[in-house]
2 protein chains.
Amino acid sequence: MDELLAGHLQELRRGTAVMAALAILREPTYGYALLERLAEAGFAVDANTLYPLLRRLEKQGLLVSEWNTEESRPRKFYRVSPDGEALLEALLQEWQALHTSIERLR
Amino acid sequence: MDELLAGHLQELRRGTAVMAALAILREPTYGYALLERLAEAGFAVDANTLYPLLRRLEKQGLLVSEWNTEESRPRKFYRVSPDGEALLEALLQEWQALHTSIERLR
């Protein structure tokens, strides 16, 4: 039953990580800081999932990245592109619609 | 962009169909009626997705089924098992936690 529960919970969470990452990346953020912000916000995403996700979202044109070399250690900052913002809005709307539907079924 | 959006929306919806079906099946319901109830509730699930899902959930012990032969056309009624109810509660709790997290990020 535990394994079953874990699988169904994972299915429910899938997709929310993208939405959460896009929402946080309305402000430019580097990978490790994003991991921390996600964890603080209650989205348990591990680094092995997040970094490939960031590359995928950048390839899809939803994020843009830029190296910041002003500090002692250069870091790659990501932020949402205009397409990423549009996608985020659509995901948030869909989430709200799903939430309303689920509340009705409770 | 449309295709990209469709993919991300689908990821977001995945998992909600299980939760919605389990919630509806707290009352015994046959397949076609469940499809209708899901659509009314705002969960667009098609028959080709729903019937395999019902079989999977029954195999996982989350649903039980029974033929009702009292009416002119025999129909298989599904309802949640005690394990299914426990899973439903866990999914609803997780959904609520995700919703709270997402609201904070909006």
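**View 1. Packing of α2(B) against α5(B) in the predicted model.** Because angles under 35 degrees count as roughly parallel, over 145 as roughly antiparallel, 65 to 115 as roughly perpendicular and the rest as oblique, α2(B) and α5(B) are oblique to each other. Their crossing is left-handed, a term that applies if the near helix is turned anticlockwise from the far one by less than a right angle, with right-handed used if clockwise. On the α2(B) side the contact is made by B:M19, B:L22 and B:A23, and on the α5(B) side by B:G84, B:L87, B:L88, B:L91, B:L92 and B:W95, where two residues are in contact if their C-beta atoms, placed from the backbone, lie within 7 Å. By class, this contact of α2(B) with α5(B) has eight nonpolar, one polar and no charged residues; Ala, Val, Leu, Ile, Met, Phe, Trp, Tyr, Cys and Pro count as nonpolar, Asp, Glu, Lys and Arg as charged, and the others, Gly among them, as polar.

The model is predicted, so that local features need pLDDT of at least 70 and side-chain atom pairs count only at pLDDT 80 or more, while totals for chains, interfaces and linings use all residues. Residues are numbered from 1 along each chain as its sequence is written, and chains are lettered from A and ligands numbered from 1 in the order in which they are written.

**View 2. Helix α5(B) and its buried residues.** Helix α5 of chain B (residues 82-105) has 24 residues and reaches 35 Å from its first C-alpha to its last, close to the 34 Å expected at 1.5 Å a residue, the expected span being 1.5 Å times one less than the number of residues. In α5(B), the buried residues are B:G84, B:L87, B:L88, B:L91, B:W95, B:L98 and B:I102; a residue is buried if 20 or more other C-beta atoms lie within 10 Å of its own, exposed if 12 or fewer, and partly exposed in between, with C-beta atoms placed from the backbone. What covers these buried residues includes α1 (2-13), α2 (16-24) and α5 (82-105) of chain A, together with α2 (16-24), β2 (63-68) and β3 (75-80) of chain B.

**View 3. The side of chain B that touches chain A.** Here 35 residues of chain B are in contact with 35 residues of chain A. The helices α1 (2-13), α2 and α5 of chain B each supply at least two residues of this side, and its largest share, 14 residues, comes from α5(B). By class, the side of chain B that touches chain A has 21 nonpolar, seven polar and seven charged residues.

**View 4. Packing of α2(B) against α3(B).** Helix α3 of chain B (residues 31-41) and α2(B) pack at an angle of about 115 degrees, with their axes 10 Å apart, and their crossing is right-handed. The contact is made by B:A20, B:A21 and B:I24 of α2(B) together with B:L34, B:R37, B:L38 and B:A41 of α3(B); by class it has six nonpolar, no polar and one charged residues.

**View 5. A:N48 in helix α4 of chain A.** A:N48 has its place in helix α4 (residues 47-59) of chain A and is exposed, with 8 other C-beta atoms within 10 Å.

Key:
Helix = DSSP H or I, 4+ residues; strand = E, 2+ residues; numbered from the N terminus. Axes fitted to C-alpha atoms, helices over the stretch in contact; angles between N-to-C directions.
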